[in-house]
Amino acid sequence: MKSRTVVIEVTGMHCASCSILIDDCVEDVAGVVSSQTSLKTGQCVAVVADSVTDADVLAAVAEAGYSGTILTGVSPT
């Protein structure tokens, strides 16, 4: 399985529980290998199968109750 990394700038987080909720929702998407969300950086870094679209990951972030923007050409921090 080929995979890629998606970096999302997340807005609306205010505590560590927020990042856990986002990770849980993103990891529920079929084809997501892992998700690590950091309150400190305001980013969610997800490793996903090539079949997973950016929109799929953004929808999971929205399902958790947050807004997200895909960052292109950015290395995960």
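First, a term: buried means under 20% relative accessible area, exposed over 50%, and partly exposed in between, with a 1.4 Å probe and protein chains only. Next, the ground rules. This is a predicted model, where local features need pLDDT of at least 70, side-chain atom pairs count only at pLDDT 80 or more, and totals for chains, interfaces and linings use all residues. Residues are numbered from 1 along each chain as its sequence is written, and side-chain values use heavy atoms, with hydrogens and water left out.

Now helix H2, residues 54-63. Helices are DSSP runs of H or I, at least four residues, and strands are runs of E, at least two, numbered from the N terminus. Which residues of H2 are buried? Val57, Ala60 and Val61. They sit on the same side of H2, because their arc around the axis is only 100 degrees. That arc is taken from the directions from the helix axis to the C-beta atoms. On the other side, Ala55 and Glu63 are exposed.

What do the buried residues pack against? Strand S1 (3-11), helix H1 (16-27), strand S3 (43-49) and strand S4 (67-71). Contact here means heavy atoms within 4.5 Å.

Take H1. Ile22, Cys25 and Val26 in H1 meet Val57, Ala60, Val61 and Glu63 in H2. By class, that contact has 6 nonpolar, no polar and 1 charged residues. Nonpolar covers Ala, Val, Leu, Ile, Met, Phe, Trp, Tyr, Cys and Pro; charged covers Asp, Glu, Lys and Arg; the others, Gly among them, are polar.

Last stop: just after H2, Gly65 takes a positive phi of about 100 degrees.
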